[in-house]
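Please look over the sequence and the model before reading on. This report goes through the parts one at a time.

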Amino acid sequence: MKYKLKVNGQTRTLEAPEDMPLLWALRDGLDLKGTKFGCGIAQCGACTVLIDGEARRSCITPVSSVGKASITTIEGLSRDGSHPLQRAWEEVDVPQCGYCQAGQIMSAAALLAKTPNPTDEDIDDAMAGNICRCATYLRIRRAIHRAAGLNKTTASATTGSGK
Amino acid sequence: MSTELSRRTFLRATAIAGGGVLLSSFWEPLEAATKKPAAAPVLNAFIRIQPDGIVAIASKNPEIGQGVKTMLPMLIADELDVDWKQVRIEQVDFDPKLYENQWSGGSQAVPNNWLPMRRVGAAGRAMLVAAAAKTWKVPESELSTSKGKVLHKKTGRSVSYGQLAATAATVTPPDLATVKLKEPSEFTIIGTPIPGVDNRSIVTGKPLFGIDITVPGMKYATYLKCPVYGGKVKSANLEQIRKMPGVRKAFVVEGSTTSNEFGSGVAIVADSFWHALSARKALQVTWDEGETAKQGTAVFDARAAALFKEPPQRSIRKDGDAKAALAKAAKVVTAEYSYPFLSHAQLEPQNCTAHFADGKITFWAPTQTPEDGRELVAKVMGLKEDDITIHIIRSGGGFGRRLKNDYMAEAGWIAREAGVPVKLVWTREDDFAHDFYRPGGYHSFTAGLDASGKLLAFRNHFVSFGTEKDFAPSAAISDQEFPARFVPDLAIEASVMPLGVPTGALRAPRSNALCFAFQSFLDEVAHAAGKDPLAFRRALLAVTPLPPSAVPPTRKPSPPPTPFDAARMNGVLDLVAEKSGWGKQLPRGTGMGVAFYFSHRGHFAEVAQVTVSKKGELTIDKVWVAGDIGSVIINPSNAENQAQGAVLDGISEALGQEMTFENGRAVQANFNAYPMMRINQSIPVEIHFRKTEFPPTGLGEPALPPAIPAVTNAIFAATGKRIRSLPLSKHDLSWS
């Protein structure tokens, strides 16, 4: 089957079996390797992408089910790594092996979009689907809080409205 | 100290195109220098200085998340005296002709490289200084360096390394053995927090890991092995599989009869990984399951119970007469402990890309041990080692799993059969089914106390796995397992049962299990003696130790092992007592536990505080860690990250992880049956380092072992319930 996907603001076409998970369509079909394979059953969150702004596990999302929805992968979060979460992740020096971190950041992006100033509890709720095998959780939490702060600074600096 | 290069080392500088300099060291094998006429020296390049001042530094070891790709270049850059902002890191390929010790494991990168890498940088600096002296016609003694510049204070002149590079290339390199190193007070990079050099690529999703490799013309492979270890393919519906969409090849692989790193199975090569996986769902294989099909967890448990009733099969250590001393003891404490098999569950599933052409093979391998991988591939594929090229690729976690190279053997074989470059990717289910597991184990302990509560006699009967000759990998016990050497009458004895399930090193191998059993039982003994568990441990450490016996050989080449040092352990015990507020009154249901352990040259003491509700819900409130890994914490940011991660990793294991086996096959197949700690279960972990005069050592592992008994001992303090087996999820912690 031929599919047209809206990925990171661009329309991309690919040939894929209809049951192919979006994960493999992105990685092998569109050469977007940032989204990771970890478990294949939506248990680890390494494959998290945003579909119309919602954090979704691309490993169990058939490519045929995406339709016209807008997909954002880690590659599309910013052009140059300047998204507050990406900056915070670097500043806090979160990664160890780094394999889960794209999925962590995408889950965090969905969280911050809805909850700009999350509490620890909000973070636990939003992030519990993402395993970090190296257990960098303490820094992930710190980085999300930091990004929330950066977000505020950026928003007030650029728009002055805080929105 | 002992961290010397094991070869005679020479340095050479080469001018490079554009006017830069390449500093290379020649390592002449010692045997060649002493026995034979000097062999042609080999080039070992670490530093490249460009005219624009950019300094490219080679990182030679596999990065598995332990931070080595950042740490090793830090050592070179500091002694070279450049600004870290000038530095670019290049991961180099596996090449034993150019580099030594190109492997990652055992927390060995620091002890193996602390002096050698600094010397490489210092030699580079010396050559740049010599070049400036020559240029300005001033004595070298009047020159100093800072942030990539040579300075002449007298005249206020300065020149950048980039400008000096071409001249430096003409300078005779200094002897690496005598090159002057910085005093610790002069370090500008070592001891400062340096973020991981791949962080930008990680947070922007750049292809970085083995699974991200793409090679022109590459196809994708899946490989289904017999679910029973050592089983063989009898037949498979290959004709049907070959007709499925996207499938290019499907074939049986015999595997190796001599290595457990190349099991028999069926390979499917397809246009995409999903095509390969889809075809695999239709695959029907008849297996010859072999002998291991008779094994399983219930069989192991029953055999262990039987072995405890028999005399131990072998003696590991015997001091005095434990039996006689126990007979005379005022109080005798006995208990049995056990712990399960564990899986590594590194998040990036095993994978490897291979390209075979013209009798030679190239690998893109996320491995911890490229040298072992090359040896394995040469053996099972019948290739010459010189015909095997290995690109070292960042691993999405190692934890000891990638010390084994089964995925390399499989990818290599499949690529040769397929005639095209192949990326082999395991499923998560493959990963759980075909691990080299942390072996389970069983301990029967007896301790004898005198009337004053002093530990006088100690006996451990360890039931493990192995053969008459050997323990299974990572299933052994050392003759120096604490409290060995600190109790006058002591016996460590062992019995083994056969094991067909493959085992191997999991982060802090052996220690991750033994520490739980020994430090929990010692806690029991302390309570039986009516002593504070921390004070009881202090008293034990105050005993004049018996001599250690023969030290088992460590991996080659390696500085000699650091011995267990009671004073260093006391130091961290005091520090963790102070930081945790040990001894303070806590309400019922809340308790603190302490444990210490020496592993991988690191001395660690840890305190956990837990709260257990009457219903038995466990909350781990906090863990305090005090560690002694020597005089310098090379990268404090990564050090904290590693130590926190190790503690949480240990607790994650203890909370709910267990691999069980039925009919020779693993029962747990994915993360839904093998719970990993998640963010909502994470715990504040406070890290403190006690700096001592010893050379720095590694930190990937030694913080892990004490975390587990610190928690289980805290559970006892909170509830009076002694945890003698893991995981905790199997225990009812309720109290009234």
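Two strands count as paired if DSSP finds at least two bridges between them. The model is predicted.

**A sheet in chain B**

Strands E6, E7 and E8 of chain B form an open sheet, in the order E6-E7-E8, with antiparallel pairing. Which strands are at the edges? They are strand E6 (143-146) and strand E8 (157-160) of chain B, and each pairs on one side only. On average, neighbouring strands of this sheet are turned by 25 degrees against each other, direction ignored. Four bridges join E6(B) to strand E7 (residues 149-152) of chain B, in the antiparallel sense. In that pairing, B:Thr145 has B:Val150 of E7(B) as its bridge partner.

Helix H3 (residues 109-136) of chain B packs on this sheet and touches E6, E7 and E8 of chain B. The direction of H3(B) makes about 130 degrees with that of E6(B). Helix H4 (residues 161-168) of chain B lies across E7 and E8 of chain B. H4(B) runs at about 75 degrees to E8(B).

**Two packed helices**

Two packed helices are described by the angle between their axes and the distance between the axes. Helix H2 (residues 68-80) of chain B packs against H3(B) at an angle of about 35 degrees, and their axes are 6 Å apart. The crossing of H2(B) past H3(B) is right-handed. On the H2(B) side, the contact includes B:Val68, B:Met71, B:Leu72 and B:Leu75. On the H3(B) side, the contacting residues include B:Ala109, B:Asn113, B:Trp114 and B:Met117. By class, this contact has twelve nonpolar, three polar and four charged residues.

Is strand E16 (residues 351-357) of chain B largely enclosed or largely open? Six of its seven residues are buried, so E16(B) is largely enclosed by the rest of the structure.

Strands of a sheet pair through backbone hydrogen bonds, either parallel or antiparallel. E16(B) runs antiparallel to strand E19 (residues 422-425) of chain B, and four bridges join them. Here B:Ala354 stands opposite B:Val422 of E19(B). E16(B) also pairs with strand E17 (residues 360-365) of chain B, in the antiparallel sense, over five bridges. In E17(B), B:Trp364 is the bridge partner of B:Thr353. The hairpin of E16(B) and E17(B) has two residues between the strands. In this hairpin, B:Asp358 takes a positive phi near 55 degrees.

**A buried glycine**

B:Gly504 sits in the loop between strand E22 (489-497) and helix H13 (511-528) of chain B. Why does B:Gly504 count as buried? It has 21 C-beta neighbours inside 10 Å, and the cut-off for a buried residue is 20 or more. Leaving aside residues up to four places away in sequence, B:Gly504 touches B:Gly400, B:Leu403, B:Lys404, B:Phe436, B:Pro473 and B:Ser474. B:Phe300 is 204 residues from B:Gly504 along the chain, and their C-alpha atoms are separated by 18 Å.

**Domains and contact sides**

Chain A is divided into domain 1 (2-76) and domain 2 (84-157). The C-alpha centres of these two domains of chain A lie 21 Å apart. In chain A, 14 residues of domain 1 are in contact with 13 residues of domain 2. On the domain 1 side, strand E3 (48-51) and strand E4 (54-57) of chain A each give two or more residues. E3(A) gives the most, with three residues.

Chain B has domain 1 (8-190), domain 2 (210-291 + 350-425) and domain 3 (297-342 + 437-547 + 564-730) in the domain assignment. Twelve residues of domain 1 of chain B are in contact with 15 residues of domain 2 of chain B.

The two chains also meet: 47 residues of chain B are in contact with 45 residues of chain A. Helix H5 (199-204), helix H7 (273-281) and helix H16 (636-656) of chain B each supply at least two residues of the chain B side. H16(B) has the largest share, seven residues.

| Domain 1 of chain A, touching domain 2 of chain A | seven residues | five residues | two residues |

Conventions:
Residues numbered from 1 in each chain as written. Chains lettered and ligands numbered in written order. Predicted model: local features only at pLDDT ≥ 70, side-chain atom pairs only at ≥ 80, totals over all residues. Domains from an automatic or database assignment. Contact = placed C-beta atoms within 7 Å. Buried ≥ 20, exposed ≤ 12 C-beta atoms within 10 Å, placed from the backbone. Nonpolar A, V, L, I, M, F, W, Y, C, P; charged D, E, K, R; others polar. Axes fitted to C-alpha atoms, helices over the stretch in contact; angles between N-to-C directions. Left-handed = near helix turned anticlockwise from the far one by under 90°.
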